Amino acid sequence: RHEPYDGPLQPGMDIWELRDRASDLDESDVRFLRELYAGEVRFVDRSLDRLRETLARLGLLDDTVIVFTSDHGEEFLEHGWIGHTRNLYRNLTRVPLLIRAPGMPVPEVRRDGAMLVDVFPTILALAGVPVSGYAGRDLFGGERSPRPAFSEVDFDPWSDANANQLDRTLRKTASLVAVEHAGWKAIEDRLTSEWELFRVEEDPGERHDLAAEHPDVLADLQERLAAWARSFDATEDTRTEIPPERLERLRALGYVE
């Protein structure tokens with residue numbers, strides 16, 4: 001049951017208007033935004049159920065792999081921002097990953113870490129395609145040993161085509177990388193070379209920066225990040241030509257210019 005709201009915010013408001021008003025929003029305003037977002041989540045949940053029911057009605061459910069995930073979460077002023085792009089705290093990096101496939105065992109909630117780079121090799125394996133040479137792992141391949149989880153975000157406002165919005169998009173400027181391992185998480189701001197360190201199991205909201213108190217832990221995570229970055233150093237040219245028709249589709253979607 002939602003509490004009544006009679007404040008200044010309305011559904012469908014431009015996100016930049018919300019950001020411009022951020023310093024004036026009170027607890028009831030933020031709760032209203034969260035409830036709107038929760039409504040969107042419920043809509044998606046119902047839509048997934050409709051998809052499952054439709055596949056079952058068509059006799060396709062037992063031959064279909066369903067994968068549902070997201071590229072990011074949203075922030076509602078937990079760290080001073082509304083939306084995403086600006087940080088790598090857990091409210092943006094911990095996203096749902098739901099997988100249903102023919103022949104899967106009894107449904108379970110997995111606690112071992114997963115990353116978006118795992119999705120592609122997992123789908124290949126479920127389709128019977130050999131998996132090798134990919135950054136991620138097959139999540140059903142039996143390998144569940146602990147490993148670091150990496151995330152990054154880069155936003156360059158100078159690439160934004162709308163010059164009239166440049167003053168706003170400048171506020172979204174971000175270049176961050178993070179690693180989470182063994183209950184700890186380190187975040188580097190690559191624009192300022194500043195680091196944050198959190199004990200995320202005890203501080204899931206990432207409020208208490210422990211970088212100065214645990215330099216040994218930070219150094220270990222920094223080396224893990226450096227090793228991860230080195231793993232992307234190409235030893236050979238793996239570029240392939242994109243077919244013209246696919247390039248046009250990408251251009252129509254705004255992914256290329």
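A182 lies in the loop between β6 and β7, where helices (H or I, at least four residues) and strands (E, at least two) are DSSP runs numbered from the N terminus. The model is a predicted one, in which local features need pLDDT of at least 70 and side-chain atom pairs count only at pLDDT 80 or more, while totals for chains, interfaces and linings use all residues. Residues are numbered from 1 along each chain as its sequence is written, and side-chain values use heavy atoms, with hydrogens and water left out.

The phi of A182 is positive, near 55°, in a residue other than glycine. Most residues other than glycine have a negative phi. A182 counts as exposed because its relative accessibility is 66%; buried means under 20% relative accessible area, exposed over 50%, and partly exposed in between (1.4 Å probe, protein chains only). A positive phi of about 50° is also found at E206, again not a glycine. E206 is placed in the loop between β8 and α6 and, with 3% relative accessibility, counts as buried.

The turn that holds A182 belongs to a hairpin of β6 and β7, with two residues between the strands. These strands pair in the antiparallel sense over six bridges, pairing being assigned if DSSP finds at least two bridges between two strands. H181 stands opposite W184 of β7. On β7, five of the six residues are buried, so this strand is largely enclosed by the rest of the structure. β7 also pairs with β8, in the antiparallel sense and over six bridges, and E188 has W195 in β8 as its bridge partner. Four residues separate the strands in the hairpin of β7 and β8, and S193 there has a positive phi near 65°.

Strand β6 (residues 174-181) contains E180. The side chain of E180 makes a polar contact with that of R90 at 2.4 Å. A polar contact is a pair of N or O atoms within 3.5 Å; within protein, one must be able to donate a hydrogen and the other to accept it, and residues adjacent in sequence count only if both atoms are side-chain atoms. Beyond four places in sequence, the residues in contact with E180 (heavy atoms within 4.5 Å) include R94, R147 and V200.

The largest nonpolar core has 13 residues, and those with the most contacts inside it are V179, W184, A186, L197, L221 and L225. Such a core is a set of buried Ala, Val, Leu, Ile, Met, Phe, Trp, Tyr and Cys residues joined through side-chain atoms within 4.5 Å. Two or more residues come from each of β6, β7 (184-189) and α6 (215-230), with α6 giving the most, five. A second, separate core of ten residues includes L18, A22, L33 and F76.

Helix α6 has 16 residues and reaches 22 Å from its first C-alpha to its last, close to the expected 22 Å, the expected span being 1.5 Å times one less than the number of residues. Its buried residues are V217, L218, L221, L225 and W228. They lie on the same side of α6 because they cover an arc of only 95° around the axis, taken from the directions from the helix axis to the C-beta atoms. P215 and D216, on the other side of α6, are exposed. The cover over the buried residues of α6 includes β5 (149-155), β6, β7 and β8 (194-199).
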